[in-house]
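Subject: Handing over a structure, with notes

Dear colleague,

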Amino acid sequence: MSAKTRPMTSVSALLKAAVIAVATFAVTAPALAAGPAHTPHREDWSWSGPFGHFDRGQLQRGFKVYREVCASCHGIKLVAFRNLMEDGGPEFSEGQIRLLASEYQVQDGPDESGEMFDRPGRLSDRFPSPFPNEQAARAAQGGAYPPDLSLIAKARTYTRGFWLSLLDLVTQYQEHGADYLHAVLVGYGQPVPADAHAQPGLHYNPYFPGGWIAMPNPLSDGQVEYTDGTPATVDQYSRDVTAFLAWTAEPHLEARKQLGFVVFIFLFVFAGLLYFTKKKVWSNVAH
Amino acid sequence: MSGHSTFDPKNPALKWFEARLPILGLAHSSFVAYPTPKNLNYWWTFGAILSMMLGVQIITGIVLVMHYTPHVDMAFNSVEHIMRDVNYGWLIRYMHANGASMFFIAVYVHIFRGVYYGSYKDPREVLWILGVVIFLLMMATGFMGYVLPWGQMSLWGAIVITNLFSAIPFVGEAVTTWLWGGFAVDNPTLNRFFSLHYLLPFMIAGVVGLHVWALHVSGQNNPTGVEVKSSSDTVPFTPYATVKDAFGMVCFLIFFAWFLFYVPNYLGHADNYIPANPLSTPAHIVPEWYFLPFYAILRAIPDKLGGVIAMFAAIVVLFFLPWLDTSKVRSARYRPLYRQFFWVLLAVCLGLGYIGAMPPEGWYIVIGRLLTAYYFLHFLVILPLLGFIEKPLPLPASITEAVLAKNGAAKPAVGA
Ligand code: HEM
């Protein structure tokens, strides 16, 4: 990785400096930036709760938004084409996905003469990323790095404080990442507060930590064509692409919740039987 | 405890085998005939729960290793490969990750159970010390396991913790370089952590064996803290304890399943879904929740070496607990003052955990220091003095008497 190309000593010096800084002031970074980020609004997602499941239509629309808008800057390199037709996901037909995969060029090789070559994608290939590496991405984006989005819905969150977090355990609220994504995507175009210094090349977005994000507002009304009558608005695009990214981050979410329910029923019955067995066994002993 | 085994197999093959290796007799006297006090409550099922969780961790861990790649360039993606491509890989991985937390929840309950009922006292000192050894090994295992998925928290947690060793005077630098296998946390570090993470659980299993052995020599303590006097105080392990433990384990599994199936990332950290990057420091480096009290103690001392010493001392002091507690009475039930200090200690430990999760600034620093001071005060001053100051309540003559008093209409024997 990039650290290895640098001399070891400078890396260790850098790490040590960072560690000292971190160990002493664990929150300096956000505190120094332009004030705390706004708290995302809590949305009502179809996949939340014990019986949550994705809305296929929404995932398919979300994929369309990703492909037509986000894919020019962000990869989803952990997702394979075949995943798009598997249970619990957008569930496109095999024909649709074969066609889709063949529209991508995937590097393969080496061939007999030792050359790498490009060929059309197959079901088993993962999505090729728009940039070959982080440096290329930064070079194209004016120094900023558009992260891979495969896991972004689980890699972002916002703090809710101690008591609300305890409540989240009971209410199973865990869509913090999705709420954050949606908030950022629709959070552009707000009036810049008087005390915030405009940063060249950055865009004001109060939901992004620090308030200034390198990503230009990616969405606008009518940008992506929807054929199922869903309104073609920024808000809807954002919800759909967020749902899609929630699925890429946790492709087996539906299977997990479904299995969970069965396991719960089993455990409750088993516990009940054991309870009465225990009562019977102990009934002849004072304890 | 019961001397010679009462196991007497009828089957000739078993008889033959038993004469050569009496392992079935050992199992029989340990888990079937073993006399267990009849007044144990559900806090006593946590030993069985812990054994179950160790089994869960070892089994899921071995399956994970079949698909995991311990290399800085591949570890993160190999864990995602488990989550996405391996059949039920998500289940195995979430079981292992949440199982570690459940293991610690169970061990904390188990430890505080022992502290409340005075289970560390004569004749159970060695049993207690073996328990603290298990706890230390678990902490090492959990810490190194968290490094394996090689996300941002894996890397930066490893950097912060291994850097603590550089506080050792004179040899600190050399020790850290030796631990890292280089000049930074990098591939050699990941590889050795992986190796040790695989090894330590089996060492834990070994120490658990000694722990149970010691237990079966001294016998179990019980909520009265009064030793077993006669066979009327006990019931055979099977079926009595077996069925009660089984019920406790299934209830614990229900609790586990809530996390596993519905909030599997609740106890984790979002940053660990970002691949490790040595050039980008996360805004907030927090260890896993089960280290937070110790992390708070570490940060309470303004000096790095002092902080490290305090953190280790917080665990080392537990080894001396059997001698720091000067009271002759075991159970807090009959120790009116100690009982109150017990709840204060529990609150202080929870408070330390809370402080450990907060940024070290403002009042958090002050409160963290006060709680740290109290933690040591409890063990080093309050406990030794309490044994002399406190006037314990009258003890029941035996477990049977306590049980009769509890079940009878009046409660004359306990007298309080
Ligand atoms: C005392 C028992 C154990 C404890 C407390 C423990 C704890 C942990 C923890 C906290 C993690 C990080 C989880 C994550 O965020 O992914 C982990 C990962 C891992 N552990 Fe263990 N572990 C134990 C036993 C084992 C055993 C016996 C093995 C193998 C034989 C094993 C193999 C692994 C592997 C391969 C990983 C990396 C995969 C992953 O991150 O999910 N563990 N362990």
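Among the residues outside four places of it in sequence, Phe261(A) makes contact with Phe51(A) and Tyr262(B). Before going further, please bear in mind that this is a predicted model. Phe261(A) itself sits in helix H10 of chain A, which covers residues 253-282, and with a relative accessibility of 38% Phe261(A) counts as partly exposed. Between the C-alpha atoms of Phe261(A) and Glu250(A), which are eleven residues apart along the chain, the separation is 18 Å.

Still in chain A, helix H8, made up of residues 176-185, is mostly covered, since ten of its ten residues are buried. Those buried residues include His176(A), Asp179(A), Tyr180(A) and His182(A), and what covers the buried residues of H8(A) includes helix H6 (152-155), helix H7 (162-171), strand E4 (212-213) and helix H9 (234-249) of chain A.

Turning to the metal site, the iron atom of the ligand is coordinated by the NE2 atoms of His96(B) and His197(B), at 2.0 Å. His96(B) belongs to helix H5 of chain B and His197(B) to helix H9 of chain B, so the pair ties together parts that are 101 residues apart in sequence. The site of the iron atom has six donor atoms, with angles of 83 to 180° among them, and is octahedral. Are these two histidines, His96(B) and His197(B), buried or exposed? His96(B) is buried, because its relative accessible area is 16% and the cut-off for buried is under 20%; His197(B), at 15% relative accessibility, likewise counts as buried.

The largest share of the lining, seven residues, is supplied by H6(B). By kind, the lining residues of the second largest pocket divide into 27 nonpolar, 14 polar and four charged.

Lastly, some points of the backbone deserve a careful look, because most residues other than glycine have a negative phi, and most peptide bonds are trans. Gly109(A) and Pro110(A) are joined by a cis peptide bond, with omega about 0°, and Pro110(A) is placed in the loop between strand E1 (105-108) and strand E2 (117-120) of chain A. In chain B, the peptide bond running from Asp122(B) to Pro123(B) is cis as well, with omega near 10°, and Pro123(B) is found in the loop between H5 and H6 of that chain.

Gln172(A) lies in the loop between H7 and H8 of chain A, whereas Phe170(B) lies in the loop between helix H7 (152-163) and helix H8 (172-180) of chain B.

With best wishes

Technical notes. Residues numbered from 1 in each chain as written. Chains lettered and ligands numbered in written order. Predicted model: local features only at pLDDT ≥ 70, side-chain atom pairs only at ≥ 80, totals over all residues. Heavy atoms only, no water. Helix = DSSP H or I, 4+ residues; strand = E, 2+ residues; numbered from the N terminus. Nonpolar A, V, L, I, M, F, W, Y, C, P; charged D, E, K, R; others polar. Donors = N, O, S within 2.8 Å, 3.2 Å for Na, K, Ca; no water. Tetrahedral: all angles 85-135°; square planar, octahedral: opposite > 155°, others 65-115°. Buried < 20%, exposed > 50% of the residue type's maximum accessible area, 1.4 Å probe, protein only. Contact = heavy atoms within 4.5 Å.
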